[in-house]
Amino acid sequence: MHISEGILSVPVLASGALLATAGIAIGVRKMPVEATPKTAMLSAVFFVASLIHIPFGPSNVHLILNGLAGILLGWTIFPALVVALFLQAVLFQFGGVTVLGVNTLIMSLPGVVVYYLFRFSCGCTRKRKTLFAMGIVLGALAVCLSGALLTVVLALGGKPFLSVAGAIVVAHIPVMIADGLVTGAALVFVLKVRPGLLWQSLSVNGL
Amino acid sequence: MIRRIAYIFACWFCFTLVGLSHGIKATRVDGGLGIVVVYDDGSPVSFSEAKVFAPGNDEKPVLTGNTDRNGCFMFRPDTNGIWKITVDDGMGHAVTEAIQFKGMVFVPVQTASTMPRRYGVITGIALIFGIFGSAAFLSQFISKVKG
């Protein structure tokens with residue numbers, strides 16, 4: 001879901017960079033020092049997960065896990081993902097430095113949305129089944145929202161909206177399923193081994 | 001009446017001959033310029049939009065088409081110089097390759113240098129923890145200095 005260099009126009013790139021910078025600023029402000037290891041770990045998880053590719057039809061998709069990162073990090077997902085995306089661009093030529101802002105926005109904003117949905121729907125539930133189900137739904141939703149944002153951005157870049165939207169939705173169905181399952185399993189695992197990690201992000205983000 | 005029919009037949013015959021003279025034929029040519037585009041895991045970028053830009057004209061493509069099922073796109077250049085081929089899968093992934101054409105000698109102008117994946121992953125994870133660790137250290141240091 002990385003947009004490559006040379007596809008988007010300068011105004012779209014500039015707007016994306018501006019919005020991403022605002023998100024990063026909010027994220028850094030809301031990130032206490034104690035949450036740094038967690039942020040680094042989820043940034044590393046995102047960095048590695050994006051390298052796991054699933055061939056699908058004529059295209060190729062990869063795990064994203066922005067839903068999991070969003071639920072556990074809240075607004076801090078912005079600095080976590082910008083670092084991972086920057087390193088992916090530099091080390092593997094995924095995306096690019098000029099589209100870093102847009103890519104950060106596409107991946108991170110759905111994470112923030114999912115974070116609030118998780119907060120308001122799950123509260124502080126400790127039921128594993130509920131958490132697993134919410135993980136599946138929100139993990140898939142984050143990918144879906146990222147796809148929607150990607151479509152909008154590509155449409156702003158001059159691509160035909162409907163055909164791009166159809167292709168992206170179809171291509172990302174397996175990713176939604178995989179991301180949802182991984183997110184659900186990860187949330188149950190976190191609840192088992194360190195439940196404080198789940199609720200820490202809620203209190204950190206002022207909820 | 002017979003004369004009229006003969007006249008129409010003669011006209012029809014002439015037009016048929018003229019039509020036959022516009023037949024087409026194919027001649028096999030060897031050589032050409034092209035690229036094979038694959039994703040980083042090696043799977044081909046199949047049936048994706050490809051555009052060819054002639055030397056000195058990066059604005060308007062001289063040829064458009066699609067990659068084949070193996071991610072290959074080829075054409076036959078007619079002038080020497082640096083030709084650019086752009087392949088876009090329509091979902092945000094695009095690549096542009098510049099190739100110098102000198103007669104029948106093709107010289108890649110630029111090739112993407114990527115780090116081997118294993119080293120890239122290890123380096124990336126190390127850098128992520130390094131960046132966030134340094135940020136945490138700096139943050140604590142600044143708060144200590146202020147306090």
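What share of the 147 residues of chain B count as buried? The answer is 27%, where buried means under 20% relative accessible area, exposed means over 50%, and partly exposed is in between, with a 1.4 Å probe and protein chains only.

Before going on, some ground rules. This is a predicted model, in which local features need pLDDT of at least 70 and side-chain atom pairs count only at pLDDT 80 or more, while totals for chains, interfaces and linings use all residues. Residues are numbered from 1 along each chain as its sequence is written, chains are lettered from A and ligands numbered from 1 in the order in which they are written, and side-chain values use heavy atoms, with hydrogens and water left out.

I will stay with chain B for a moment. Its secondary structure comes to 2 helices and 7 strands; helices (H or I, at least four residues) and strands (E, at least two) are DSSP runs, numbered from the N terminus. Along the sequence of chain B the pattern is α-β-β-β-β-β-β-β-α. Contact here means heavy atoms within 4.5 Å. Among contacts in chain B between residues at least 6 apart in sequence, 45% join residues at least 24 apart.

B:Asp89 sits in the loop between strand E5 (81–88) and strand E6 (94–102). Is B:Asp89 buried or exposed? B:Asp89 has a relative accessible area of 15%, so it counts as buried. Its side chain makes a polar contact with the side chain of B:Tyr39 at 2.7 Å, and another with the side chain of B:His93 at 2.8 Å. A polar contact is a pair of N or O atoms within 3.5 Å; within protein, one must be able to donate a hydrogen and the other to accept it, and residues adjacent in sequence count only if both atoms are side-chain atoms.

The other residue is B:Thr86, in strand E5 of chain B. Its side chain and that of B:Thr96 are joined by a polar contact of 3.1 Å. Leaving aside residues up to four places away in sequence, B:Thr86 touches several others, including B:Glu49, B:Lys51 and B:Phe53.

Now the interface. In chain A, 38 residues are in contact with 30 residues of chain B. Together the two chains bury about 2,700 Å², 71% of it on carbon and sulfur atoms; buried area is the accessible area (1.4 Å probe) that two parts lose on being put together, summed over both. Among the elements that give two or more residues to the side of chain A that touches chain B are helix H2 (36–49), helix H6 (128–156) and helix H7 (161–193) of chain A. H2(A) gives the most, with 9 residues. By class, that side of chain A has 27 nonpolar, 10 polar and 1 charged residues. Ala, Val, Leu, Ile, Met, Phe, Trp, Tyr, Cys and Pro count as nonpolar, Asp, Glu, Lys and Arg as charged, and the others, Gly among them, as polar.

Last, chain A itself. In helix H4(A), 14 of the 16 residues are buried, so this helix is largely enclosed by the rest of the structure. Just after H4(A), A:Gln93 takes a positive phi of about 60°. A:Gly158 lies in the loop between H6 and H7 of chain A, and A:Gly158 is exposed, with a relative accessible area of 63%. The C-alpha atoms of A:Gly158 and A:Ile7 are separated by 9.0 Å, although these residues are 151 residues apart along the chain.
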